[in-house]
Amino acid sequence: MSLPSHQTFKAAFAILLLGLGVATKNAHAAGFAIIEHSVRGLGNAFAGSPANAEDASTVFFNPAGLAYLEGPQADIGAHVLIPNARFTDQASTHFTTAPLDVNNEDGGNAGVAAVVPNFYYRRPLKQEWTFGFGMNAPFGLATDYDNGWVGRYHALASELKTVNLNPSLAFRPSDTLSIGFGVNAQYIEARLTNAVDFGGICFLGENVTMTLPGGTCAGLNLAPQANDGEAEVTGDDWSWGYNLGFMWQATPHTRFGAAYRSRVKHRLEGEAEFQTPANAAAIAAAQGLVDTDATAKITLPDSLSIGFSHAIDSQWSVNGDITWTNWSLLDELRIEFDSAAADSVVTTNWRDSNRYSLGVSYRPDNRWTWRAGIALDESPVPDAAARTPRIPDHDRTWVSLGFSYQSYDQLTIDVGYAHLFIKDTSVDNTATG
């Protein structure tokens, strides 16, 4: 789309629906990239994002694309994510081998609707240079199960938010080549809660590890699953990363692009708080399960995208890309407590994943553009033993539609819709306490 040389604004809106079924045995925690950073891109499942450079959202997908736009422009968008995650129990058992005592077996719909906004700005500088700025959320998750469900000792609420500030520069040394670079200031905030089986902890000490004298649990009136408390861990951090890319206009109708986003290392600092039954206070203190400061290290993965965009004629175009994400960096999630409590460790054993997408656009006139796309988004979770109820992830198949309408020379409205099809997933994981 050719943009006017004066200031251009774009309003955008998108809806993303995720269909997710969960059939689990036992339960536990993990993973979370967000690609919804352009409503226009959503219309064709983000196919060809490293090469499209249709609007200022190219700041995120490939900063080199800033050089192919014209004039100053601002891009404001919002994505509405409506996930559906429901649990079906398949003979889950407590670590004592007893049946799980549940008040609400399935946990309800753990999906949490969310609005993911983004903002981008592009302005030409002198000669071959262009400035861009973006603000979005590249990672995030939210699940929330009802209290008393089967997997309560693995997860109740899980929430992770990021905000990414991304100033960028593009340089175009020739008509056919451009390169771009951006710096990322990234904020992360996390909150995790789960039930704590203080009766079960007493049982372990008395019957398994023999660290408690016989009769201790009976004397305190503690029994597995009968004396639940709750743990909440919160933390946040700022850190830095970068992104870079290039675009090559191979012919007047065909463009190729490649873009890399660096990994970002975070050290979250916060606190852990425990709600403890009165008769379990001594057991909690002995285990260090008391209010305390806590820290957690996490490296958010780097990614590499390669894509193309090809204009078949003045009305039709096709685009596609492949994106690799280095999820194998995430081998474990470890929370360290300043108290005597042992580290909380979740082994993920995730694998690298690929995303494949293909899209088509049709422009019948100068005002309307219609889009459609499909994508296969591989899950980094290798099997049921590595999957957790915090993120019951599986491979996703995208089907998307969208359109753009240029109502005035200075205003374009984008609308996109995508439905993600996800197979029922199994969780086969064990927690103690």
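A salt bridge here is a side-chain nitrogen of Lys or Arg within 4 Å of a carboxyl oxygen of Asp or Glu. Glu159 and Lys161 make such a pair, with their closest N and O atoms 3.2 Å apart, and by this rule the count comes to twelve salt bridges. The model is a predicted one; its chain has 433 residues, of which 53% count as buried, and its secondary structure comes to six helices and 19 strands. Among contacts between residues at least 6 apart in sequence, 75% join residues that are at least 24 apart.

**Salt bridges and their surroundings**

- In the pair described above, Glu159 is partly exposed, with a relative accessible area of 29%, and Lys161 also counts as partly exposed, at 44% relative accessibility.
- Asp55 forms a salt bridge with Arg40, and the closest N and O atoms of this pair are 3.8 Å apart. The two residues are 15 residues apart and belong to distant parts of the chain, with Asp55 in the loop between helix H2 (49-52) and helix H3 (58-61) and Arg40 in helix H1 (residues 39-42).
- Asp55 counts as buried because its relative accessible area is 3%, which is under 20%; for Arg40, which is buried too, the relative accessible area is 3%.
- Asp393 and Arg396 meet through their side chains in a salt bridge with an N to O distance of 2.8 Å, and Asp393 counts as buried at 8% relative accessibility.

**A buried arginine without a salt bridge**

- Arg390 has its place in the loop between strand S17 (368-377) and strand S18 (396-408).
- Arg390 is buried yet has no salt bridge, and the nearest side chain of opposite charge, that of Asp144, is 8.8 Å away.
- What joins the side chain of Arg390 to that of Ser158? The link between these two side chains is a polar contact of 2.6 Å.
- A polar atom of the Arg390 side chain also lies 3.3 Å from the backbone oxygen of Thr193.

- When its neighbours within four places in sequence are left aside, Leu289 is in contact with Val196, Phe198, Ile201, Phe274, Thr276, Ala284 and Ala341.

**Strand pairing from S2 to S4**

- Strand S2 (residues 73-89) and strand S3 (residues 114-124) run antiparallel and are joined by nine bridges; in this pairing Asp75 stands opposite Tyr120 in S3.
- S3 also pairs in the antiparallel sense with strand S4 (residues 129-136), over six bridges, and here Phe119 stands opposite Met135 in S4.
- The hairpin of S3 and S4 has four residues between its strands, and within the hairpin Gln127 takes a positive phi near 55°.

**Further residues with a positive phi**

- Most residues other than glycine have a negative phi.
- Phe46, in the loop between H1 and H2, has a positive phi near 65° although it is a residue other than glycine. Phe46 counts as buried, at 1% relative accessibility.
- Asn349, which is not a glycine, has a positive phi of about 55°, and its place is in the loop between strand S15 (344-347) and strand S16 (353-362).

Terms used:
Residues numbered from 1 in each chain as written. Predicted model: local features only at pLDDT ≥ 70, side-chain atom pairs only at ≥ 80, totals over all residues. Heavy atoms only, no water. Contact = heavy atoms within 4.5 Å. Buried < 20%, exposed > 50% of the residue type's maximum accessible area, 1.4 Å probe, protein only. Lys, Arg positive; Asp, Glu negative; His and termini not counted. Polar contact = N/O pair within 3.5 Å; in protein donor to acceptor, adjacent residues only side chain to side chain. Pairing = 2+ DSSP bridges.
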